[in-house]
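Here's a quick briefing on one protein model. Take a look at it first, then read on.

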Amino acid sequence: MREILKILESDSRLSPEEIATMTGKTEDEVRRVIEECERKGIIRRYKTSIDWEKAGEQQVFAFIDVKVSPERGVGFDDIAERIYRYPEVHSVYLVSGTHDLRVVVSGTNMKEVAFFVAEKLATIDRVHGTSTHFLLKTYKEDGVIFEAPEPDRRLAVAP
């Protein structure tokens, strides 16, 4: 199962037939594993990595470190849920360190993201502070390299 999942994680467009060829399993075995993983929630969804800058779309991402106080009986789960329900929020992580949550947010410009932090996120009960870091450039995301490698400009050496 792990081998099939790793292949799908790197390229979810591969067909069960192609995965079967790569793994030496039958196409039916691959289909069964995939269906079982989807049913059990192991495969959460299929995703495409998009370079929005190349697509001509203006999009700003920010990483917001949030300091919150946990609540007895639910810890951080309820406040994380309140935050991840906002449509601007892409991801919410419970992290170690000086802050408790790391929130990934997007908007069409920095002002929109700043408004989200000031008017929505910072006003939630039990949020004690935020620290916002704007994404300046993406080099690699989800295993996909966004930066084209420099061409090799060295002169060829003849024997």
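This is a predicted model: local features need pLDDT of at least 70, side-chain atom pairs count only at pLDDT 80 or more; totals for chains, interfaces and linings use all residues.

Residues are numbered from 1 along each chain as its sequence is written, and side-chain values use heavy atoms, with hydrogens and water left out.

**Domains**
- The protein splits into domain 1 (2-40) and domain 2 (60-136), with bounds taken from an automatic or database domain assignment.
- Between the C-alpha centres of domain 1 and domain 2 there's a distance of 35 Å.

- The axes of helix 1 and helix 3 (residues 27-40) come within 10 Å and cross at roughly 75° (axes are lines fitted to C-alpha atoms, for helices over the stretch in contact, and angles run from 0 to 180 degrees between N-to-C directions).
- That makes helix 1 roughly perpendicular to helix 3, a label for angles of 65 to 115 degrees.
- Helices (H or I, at least four residues) and strands (E, at least two) are DSSP runs, numbered from the N terminus.
- From helix 1, Ile4, Leu5 and Leu8 meet Val30, Val33, Ile34 and Cys37 of helix 3; contact means heavy atoms within 4.5 Å.
- The residues of this contact are seven nonpolar, no polar and no charged (Ala, Val, Leu, Ile, Met, Phe, Trp, Tyr, Cys and Pro count as nonpolar, Asp, Glu, Lys and Arg as charged, and the others, Gly among them, as polar).

**The largest pocket**
- Its volume is about 1,900 Å³, meaning the space filled by probe spheres set on grid points joined across faces, edges and corners.
- A pocket is an open set of points on a 1 Å grid over the protein atoms alone, where a 1.4 Å probe fits, with protein on both sides within 12 Å along at least five of seven lines; lining residues have an atom within 4 Å of a point.
- Of the 44 lining residues, Lys47, Ser49, Ile50, Glu141 and Asp142 are the closest to the centre of the largest pocket.
- Helix 1 gives the most to this lining, with five residues.

**Two loop residues**
- Leu14 sits in the loop between helix 1 and helix 2 (16-23).
- Arg126 lies in the loop between helix 5 (110-121) and strand 4 (127-134), and has a positive phi of about 75° although it is not a glycine.

Definitions and conventions
Angles under 35 degrees count as roughly parallel, over 145 as roughly antiparallel, 65 to 115 as roughly perpendicular and the rest as oblique.
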